[in-house]
Amino acid sequence: MSYRNNDCRIYVGNLPPDIRTKDIEDLFYKFGKITFIDLKNRRGPPFAFVEFEDPRDAEDAVQARDGYDYDGYRLRVEFPRGNGPGRGMGGGGGAPRGRGRGPPARRSQHRVIVTGLPSTGSWQDLKDHMREAGDVCYADVHKDGTGVVEFLRYEDMKYAVKKLDDSRFRSHEGEVAYIRVKQDYESRSRSRSYSPRRTRGSPTYSPANRSRSRSRSRSNS
């Protein structure tokens, strides 16, 4: 696929389970000529990729449809990671984003580490896969086949470790792998170990210290 086509491609997530290709077309046809629709709805939550002929139409579609309420589902519409405006910026957060995507608005300590991802697996693929366990607020993947997923709730994170470890993962390009899911204990230990440092040379005030200071001043006078 050419570089230009990558700029024309958008990701559509959080779709209703009975969505059809024709429904996707009806959602986006008014923004410009659509050249391709790839709907993934055979396993797990459905999602789709839509390609426009003109990258400006893709930008307009992201702006207009990200966060759009469709049949009770709040759509997530964005450029695939590394494509479109704001290339190379943060992973997949839960808050709607328009042009110039930045890091996600929400992060969590309820984090799992995923290994064994296929080379074509994207953070959108990973996020959609892990949503089977609960509300995902952040997901990212690395070139070495590892990924990070953060959940809003602790119990969802524990469920993911129990139910999705050694599960069958399928990328948007059809590549299949069995992934491992483990809790990231370091994220919790880092949070617990943090405590504000006191500034050196600034003793903590207490009434006892003040009374001792007064008694010393009286004895010297």
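This is a predicted model: local features need pLDDT of at least 70, side-chain atom pairs count only at pLDDT 80 or more; totals for chains, interfaces and linings use all residues.
**Exercise 1. Decide how far helix α4 is enclosed by the rest of the structure.**

Solution. Step one: find the helix, which spans residues 123-130. Step two: apply the cut-off, where buried means under 20% relative accessible area. Step three: list the residues that pass, namely Trp123, Gln124, Asp125, Leu126, Lys127, Asp128, His129 and Met130. Eight of the eight residues are buried, so α4 is largely enclosed by the rest of the structure. For the chain as a whole, 44% of the 221 residues count as buried.

**Exercise 2. Describe the salt bridge of glutamate 78 and the network it belongs to.**

Solution. Begin with the partner: glutamate 78 pairs with arginine 76, and their closest N and O atoms are 3.3 Å apart. A salt bridge requires such atoms within 4 Å, so the distance of 3.3 Å qualifies. Finally, widen the view: Arg76, Glu78, Asp128 and Arg131 are linked in a network of salt bridges. A search of the whole structure finds 15 salt bridges.

**Exercise 3. Explain which parts of the chain are tied together by aspartate 165 and lysine 182.**

Solution. First, the pair forms a salt bridge, with closest N and O atoms 3.4 Å apart. Second, aspartate 165 sits in the loop between α5 (154-163) and β11, while lysine 182 belongs to strand β12, so the bridge ties together parts that are 17 residues apart in sequence. Third, lysine 182 is partly exposed, with a relative accessible area of 42%.

Strand β12 (residues 176-183) also holds glutamine 183, which is buried at a relative accessible area of 10%. The C-alpha atom of glutamine 183 is separated by 7.6 Å from that of methionine 157, 26 residues apart along the chain.

Methods: Residues are numbered from 1 along each chain as its sequence is written. Side-chain values use heavy atoms; hydrogens and water are left out. Buried means under 20% relative accessible area, exposed over 50%, partly exposed in between (1.4 Å probe, protein chains only). Helices (H or I, at least four residues) and strands (E, at least two) are DSSP runs, numbered from the N terminus. A salt bridge is a side-chain nitrogen of Lys or Arg within 4 Å of a carboxyl oxygen of Asp or Glu.
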